[in-house]
Amino acid sequence: MKMKDSKPDLTAVTAMIPVPCSSLDRNDTGRRAYEIMKNVEDYPLYMPSVNAIAVLDRKESEMTTRWDAEIDGAPICWVQHIRMRNDTREILFEAIEGDFDVFQGRWRVGESEGRISLVLSIEYKLGIPIIEEVLGPILREKIAANSEMMLKAIAGRLTGQQPTAGKKGWE
């Protein structure tokens, strides 16, 4: 599975959070961050707009999950295929059914200039033009804020803070 080529009608959101660590600790921090990202069952701890995630099928480096979430109180559900690339510390995902016409992206542990960063990139399309027109800007803002909140929670967990769901991210 690879991310589909970005199309002009897809909305793209990217969030990036740097993680403080020493040069001696960098590889361990990146490894631990990736392990947290791979544990999708814990995502509702970081993403309070997600009510539940069910793992439908799990293989060594792939899984299929069902997501039950809310956007401003409106239910939204989808099933996505996830592929983990342990060698590059990235996770690719793509919705294969559900409320989005397109929902795909990538979680990644990056490293540059001696720093570790957590990156989440999402591309999506609701597929209903009138809803996209009305709710598009609001949804983009909420997805961006929620993505950043998730990455901050993972970074906090790396530094010893416990994740908490807090306020709903998409509400």
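Of the 171 residues in this chain, 47% count as buried, meaning under 20% relative accessible area with a 1.4 Å probe and protein chains only (over 50% is exposed, in between is partly exposed). Keep in mind that this is a predicted model, where local features need pLDDT of at least 70, side-chain atom pairs count only at pLDDT 80 or more, and totals for chains, interfaces and linings use all residues. Residues are numbered from 1 along each chain as its sequence is written, and side-chain values use heavy atoms, with hydrogens and water left out.

The chain holds 3 helices and 7 strands, taken as DSSP runs and numbered from the N terminus (H or I over at least four residues for helices, E over at least two for strands). Reading from the N terminus, the order is β-α-α-β-β-β-β-β-β-α. As for contacts (heavy atoms within 4.5 Å), take those between residues at least 6 apart in sequence: 53% of them join residues at least 24 apart.

Now the strands. Two of them pair if DSSP finds at least two bridges between them, and here are two such pairs:

| Pair | Sense | Bridges | Residues in the hairpin link |
|---|---|---|---|
| β4 (residues 74-85) and β5 (residues 90-98) | antiparallel | 8 bridges | 4 residues |
| β5 and β6 (residues 102-112) | antiparallel | 5 bridges | 3 residues |

On the β6 side, tryptophan 107 is the bridge partner of isoleucine 91. For context, most residues other than glycine have a negative phi.

On to the helices. Helix α1 (residues 26-38) has 13 residues and reaches 18 Å from first C-alpha to last, close to the 18 Å expected, where the expected span is 1.5 Å times one less than the number of residues. Its buried residues are Arg26, Thr29, Gly30, Ala33, Tyr34, Ile36, Met37 and Lys38.

The axes of α1 and helix α3 (residues 129-158) come within 10 Å and cross at roughly 130 degrees. Axes here are lines fitted to C-alpha atoms, for helices over the stretch in contact, with angles from 0 to 180 degrees between N-to-C directions. That angle makes α1 oblique to α3, since under 35 degrees counts as roughly parallel, over 145 as roughly antiparallel, 65 to 115 as roughly perpendicular and the rest as oblique. Thr29, Arg32, Ala33, Ile36 and Met37 of α1 make the contact with Leu151, Ile154, Arg157 and Leu158 of α3.
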